[in-house]
Amino acid sequence: MMKRLTRDQMAARVAQDIPEGAYVNLGIGLPTMVANHLPREREIFLQSENGLLGMGPAPAAGEEDEDLINAGKQPVTLLKGGCYFHHGDSFAMMRGGHLDICVLGAFQVAANGDLANWHTGAPDAIPAVGGAMDLAIGAKQVFVMMEHLTKSGESKIVSQCTYPLTGVGCVSRIYTDLAVIDVTPEGLVAREMVEGLGFDELQKLTGVELKWQPL
Amino acid sequence: MIDKVFESLQAAVADVPDGATVMIGGFGNAGMPSELIDALIAQGARDLTIVNNNAGNGDTGLAALLKAKRVRKIICSFPRQTDSWHFDALYRAGEIELELTPQGNLAERIRAAGAGIGGFFTPTGYGTLLAEGKESRVIDGRGYVLEQPIHADYALIKAHRGDRWGNLVYRKTARNFGPIMATAAKCTIAQVSEVVALGELDPEAVVTPGIFVQRVVLQENK
C-alpha cells in the first residue's frame, strides 16, 4: 500500500534540500509551509517579494504590526540582521538571478519544465499574476511543490501545459506527494518514490515518460 | 525658504485633475496612503488611471476610491483577492479597464520611468499570455519581452518621517512601491506620520531624497 505524503511531509521533504546560506523565496500557499520545517540550526535567508530579507516566523498574538507583512499579506517578523528594501530592489533580486531557490505551487508542469500556476484560463476568471512570473524565471533553481494528481485523478505532470504558462522551461525539480522528479535535458528523471509505490505504478500515474534514476 | 510641507491633506491633492494618472503606493494595506486617498475622494477627481500593486482591499483606501467610481483604468499585478469585492464588481460590470502586468515588470516599468529609460527587455512573462502583442527578442539565447515605462502625473505615497525638503524614510514593509513611485511622477505627495526638522534624518539613511518629492503632508490633520 503506497503512503502518500501529507502536505506537511511534502514541506519537510523540500526543506531537506535547502542548504545553509541559501537565499530562498517561498511562494504563497503550500510552499509557505516549508518554513516550518527548516532546521533551526541552519541559517537560511527567506526573501519576501514585498521587500524583506531575513523573514522570521509569525509574531506572537497581539504583537502583529500592519507595516510588517509577507507576500500573502500575513503578519510576520524580521530576524536580527534582516533588512527592508523597495520593490525595484526586491524584483532585481529575483530577475537578476540572486536567489538560490524559489519554491512554487503549480497547476501543471510540462516535461520540458514549463510551469502553469497563475491562471486556469477560465473565461470568467479575473486574472491576477502578482510575482509568479518573476519568481518562475528568476531563481537559480525553481522547485515546484504540488499534488501529483488533480482532484479528478489526472496527472499534473503533462507533456504540454493546457493552462496558460507562467514561465517557459523554468522548473528544475518537482516534489509531489508521490515522488521527487528532476527536469533534465534528457527528460524527467524520478529520484525518489514514497514507500509502497513501484516505478511502474508511478509511471502509470504520470502523464509523461519518466526515467528511474535514484540519486 | 523651501517648505514642501502642506497644511492639510485636502490642500495637498486639490489640483489633481480629471483624467490624471495617479500612482498609489502600498502592497495590500501596508504603505497604502489611505488618508490622501480619502482626501482625493472628497476632492472629486474622476476618470483616473490608477497604478497600484493590487486593486483595493476591503472598503477603505483604494477600494473606497474604486467604490466611488472615480477610476477608469487600473494598472496592477494582483487585482483578485478575497477582499477585492469593489474591483471585482466593477470589472464584471465592464466599468473598469484592467492592465495586468507581472509584479516585477510593474516595479521596473515605474523605476524605468523615474530613471529616464525608454523601455527595457525583461525575461519575465516571455512566452506567456502577458507578452502577447509586445515585441520579444532572444538575447544571448534567452527570451525577453519589451516593456514600456509608466509615467504618472501624481504619486500618492506613505512614508514614516519626512522633512520640509521632502527627504523621506519609511517603516518596515510599508516601503514597498513608495521610493520608485516617487521618482516616476511629476508631482509626488507623501503623507508622513511625523514631520521632522532638517538634519534630523540621518543623511546616510535617507531612502527617498527630497528631489523626488514635491509635497509632504502630515497623515492626520491637526
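Two strands count as paired here if DSSP finds at least two bridges between them, and strands (E, at least two residues) and helices (H or I, at least four) are DSSP runs numbered from the N terminus. Keep that in mind for this predicted model, where local features need pLDDT of at least 70, side-chain atom pairs count only at pLDDT 80 or more, and totals for chains, interfaces and linings use all residues. Residues are numbered from 1 along each chain as its sequence is written, while chains are lettered from A and ligands numbered from 1 in the order in which they are written.

Let's start with a sheet in chain B. Its three strands form an open sheet in the order β6-β8-β7, with antiparallel pairing. β6 and β7 of chain B stand at the edges with a single partner strand each, so one side of each has no neighbour in the sheet.

| Strand | Residues |
|---|---|
| β6(B) | 120–122 |
| β7(B) | 136–139 |
| β8(B) | 142–147 |

Three bridges join β6(B) to β8(B), and Phe120(B) sits opposite Glu147(B) in β8(B).

Now for where the chains meet: 30 residues of chain A are in contact with 37 residues of chain B (contact means C-beta atoms, placed from the backbone, within 7 Å). On the chain A side, α2(A) gives the largest share, five residues. That side divides into 15 nonpolar, eight polar and seven charged residues (Ala, Val, Leu, Ile, Met, Phe, Trp, Tyr, Cys and Pro count as nonpolar, Asp, Glu, Lys and Arg as charged, and the others, Gly among them, as polar).

Finally, Val22(B) touches residues including Leu48(B), Ile50(B) and Tyr154(B), not counting residues up to four places away in sequence.

Methods
Two residues are in contact if their C-beta atoms, placed from the backbone, lie within 7 Å.
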